[in-house]
Amino acid sequence: MHPIAARAQLSTAHRIVVKIGSSSLTGADGHLNLDALRKLVQVIADRHESGLQTLLVTSGAVAAGIGPLGLPSRPRDVATAQAAASVGQGMLVARYAEAFADRSITVGQILLTAEDTVRRTRYKNAQRSLERLFRLGVVPIVNENDAVVTDELRFGDNDRLAALVAQLVGADALVLLTDVDGLYDGPPTREGTRRISEVLGPSDLEGIEVSGRGSDVGTGGMLTKLESVSIATGSGIPVVLTKADNARPAIAGERVGTWFAPTGKRASRKRLWIAHAARVQGKIVLDDGAVDAVLGGRASLLAAGIVGVEGEFVAGDPVELVSKSGSVIARGLTGFDAVEIPDMLGQSSRALRESLGSGYDREVIHRDDLVLVRPKGLRVS
Ligand SMILES: Nc1ncnc2c1ncn2[C@@H]1O[C@H](COP(=O)(O)OP(=O)(O)O)[C@@H](O)[C@H]1O
Ligand SMILES: N[C@@H](CCC(=O)OP(=O)(O)O)C(=O)O
């Protein structure tokens, strides 16, 4: 990874993830907007020819299926949305493949489900596949596997998917392309709202009003974009948010859209997975001293500071660390099964060795497998 601290460095960023939303790719008639698609392909192709890598996360499968299936609007029921995605995804990737082929560039399609990021083996599998595509000089095109996912198993939206994929491939920056030219201090349709050019930290978001409602074909609105921004910037990946028409200047590092500076440190992909992607299997409840030790940032979690366990998990599973009042402090990979921990509660390492034997005198969660969860707060309308 090549950390980027300022916008201007984007033009030479070695590896970026670009996400484009449905609203930028489909017209009101429910057919693909080929001009918009080709325009974006030219920008990515130019980077590619300069030896820079780009992974494209594209929405638009469901929207692209609306026209061909003669549907009146974006389907809301699961089965029709799956069918629309099945029809639309093929058309979408075919159009990308054609446009990139005109520039002699090969594309590779990867359709992910949330399971591919929550399970560590599948996460590593997706990572390996994407790395090989990059090595082979292929432009990876990623979308959610909408034809088979149901609401319970979704990433939620492609903004979140893009942030997780940016972590998965260790991207230097994330570019979110949508139908507004940046983040506004209120819904942009409201008179008097202004574009915010730079967000340097969470305090710059105070008082900003975002809506969770998207355009007619998009999902999630600005709220999901800010959640995606928080995942990316919190792990050291800067984000530019702007309209698709601005893709070229945005990727060239010009002052368009909204620039979100990295707020957190770049972390190993394993720690990012624990923090954002892994699905927790249970909870470990800590006493006040253990909460302070864990929040201090250096301590492993020892059995002496545990007061309870919830859920069924086995050693190696992701769990939440919560205080006695129930607030989530951190996430980590447990070193013991849920059924083993009750006998260990409150005991020092020495007492554990004496009562349960060697093998029980180690930390329940090692510091390297523990990631703090940061609080967030936004006004949502
Ligand atoms: N504070 C805000 N700043 C900018 N856009 C906002 C804000 N609040 C809500 N929005 C809406 O979010 C929409 C973009 O979300 P969405 O339609 O889901 O896009 P996409 O399809 O690109 O993912 C914009 O069209 C805009 O109307
Ligand atoms: N995966 C879905 C898009 C989901 C989504 O988040 O859409 P958008 O808000 O337009 O980025 C599709 O291809 O239709």
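User: Is Asp146 buried or exposed, and how many other C-beta atoms lie within 10 Å?

Analyst: A residue is called buried if 20 or more other C-beta atoms lie within 10 Å of its own, exposed if 12 or fewer, and partly exposed in between, with C-beta atoms placed from the backbone. Asp146 has 23 other C-beta atoms within 10 Å, so Asp146 is buried. This is a predicted model, where local features need pLDDT of at least 70, side-chain atom pairs count only at pLDDT 80 or more, and totals for chains, interfaces and linings use all residues. Residues are numbered from 1 along each chain as its sequence is written, while chains are lettered from A and ligands numbered from 1 in the order in which they are written.

User: Where is Asp146 found, and which residues does Asp146 touch?

Analyst: Helices (H or I, at least four residues) and strands (E, at least two) are DSSP runs, numbered from the N terminus. Asp146 is in the loop between β4 (139-144) and α7 (158-168). Two residues are in contact if their C-beta atoms, placed from the backbone, lie within 7 Å. Leaving out residues up to four places away in sequence, Asp146 touches Ala61, Val62, Ala81, Gln82, Ala85 and Gln89.

User: Which residues does UniProt list for "binding site"?

Analyst: UniProt positions are given in the numbering used here, feature names are shortened, and annotations may be inferred rather than shown by experiment. The unreviewed UniProt entry lists Ser59, Asp146 and Asn158. They are spread over 100 residues of sequence but cluster in space, with a largest C-alpha distance of 10.7 Å.

User: Where is Ser59 found, and why does it count as buried?

Analyst: Ser59 is in the loop between β2 (53-58) and α3 (61-66). Ser59 counts as buried because 30 other C-beta atoms lie within 10 Å. Beyond residues up to four places away in sequence, Ser59 touches Ile20, Gly21, Ser22, Asn143 and Asn158.

User: How is the chain divided into domains?

Analyst: Domain bounds come from an automatic or database domain assignment. Here domain 1 covers 7-272 and domain 2 covers 280-372. Their centres, taken over C-alpha atoms, are 37 Å apart. The unreviewed UniProt entry also carries the annotation "domain: PUA" for residues 282-365. That span is 19% helix and 26% strand, and its end C-alpha atoms lie 13 Å apart.
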